Amino acid sequence: MTLSERQARQTRLMVRLLSWAYLQPILASGDMYLKVTWVVRSSVYQKVLVRLRRSRTLKGYHQDGLAWDIQLYWRDGRPVWGRKHYVWIGEEAERIGLEWGGNWKSINDPYHIQERRR
Ligand SMILES: [Zn+2]
């Protein structure tokens with residue numbers, strides 16, 4: 001992937017993610033809020049994660065900046081864990097053409113959203 005190709009793909013994803021701003025009022029009217037982190041991981045850092053068994057792949061979408069991690073929080077600041085709380089967000093992600101890690105069979109990762117694999 002060339003640099004400009006990667007930048008174009010990252011930009012398209014960012015635009016899609018910005019549409020998620022509309023999720024915030026829905027969440028805020030309930031008892032949770034959402035944080036999205038976008039970090040481009042280096043190959044060295046990814047190797048560390050694999051060694052720590054926090055990731056299983058050396059060629060992940062995070063290294064190309066084509067993935068985000070999401071985390072819901074209760075109003076008092078405690079993180080919300082458990083796939084069931086993330087299903088509707090995953091459905092939203094799939095609806096706008098993204099891929100939700102909660103649908104994966106191998107490593108089920110409900111806290112992960114990325115560009116759809118081709
Ligand atoms: Zn992730």
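Isoleucine 107 lies in the loop between strand 4 (98-100) and strand 5 (112-115). The model is predicted: local features require pLDDT of at least 70, side-chain atom pairs count only at pLDDT 80 or more, and totals for chains, interfaces and linings use all residues. Residues are numbered from 1 along each chain as its sequence is written.

**Overall architecture**

- The protein contains four helices and five strands; these are DSSP runs, numbered from the N terminus, with helices (H or I) of at least four residues and strands (E) of at least two.
- Along the sequence, these elements follow the pattern α-α-β-α-β-β-α-β-β.
- The C-alpha trace spans about 40 × 30 × 25 Å along the principal axes of the protein.

**Burial and contacts**

- Of the 118 residues in the protein, 15% are buried. A residue is buried if 20 or more other C-beta atoms lie within 10 Å of its own, exposed if 12 or fewer, and partly exposed in between, with C-beta atoms placed from the backbone.
- Isoleucine 107 is exposed, because 10 other C-beta atoms lie within 10 Å.
- Isoleucine 107 and proline 25 are separated by 82 residues in sequence and by 31 Å in space, C-alpha to C-alpha.
- Among contacts between residues at least 6 apart in sequence, 46% join residues at least 24 apart; two residues are in contact if their C-beta atoms, placed from the backbone, lie within 7 Å.

**The largest nonpolar core**

- The largest nonpolar core has eleven residues, including Leu13, Trp68, Tyr86, Trp100 and Ile113. Such a core is a set of buried Ala, Val, Leu, Ile, Met, Phe, Trp, Tyr and Cys residues joined through C-beta atoms within 7 Å.
- Strand 2 (67-74) and helix 4 (87-95) are the elements that give two or more residues to this core, and strand 2 gives the most, with four residues.
- Alanine 93 touches Leu98, Trp100 and Ile113, residues up to four places away in sequence not being counted.

**Strand 1 and its partner**

- Strand 1 (residues 32-37) is hardly covered, as the count of buried residues among its six residues is zero.
- Strand 1 pairs with strand 2 in the antiparallel sense over six bridges; pairing requires that DSSP find at least two bridges between two strands.
- Valine 36 stands opposite isoleucine 70 in strand 2.
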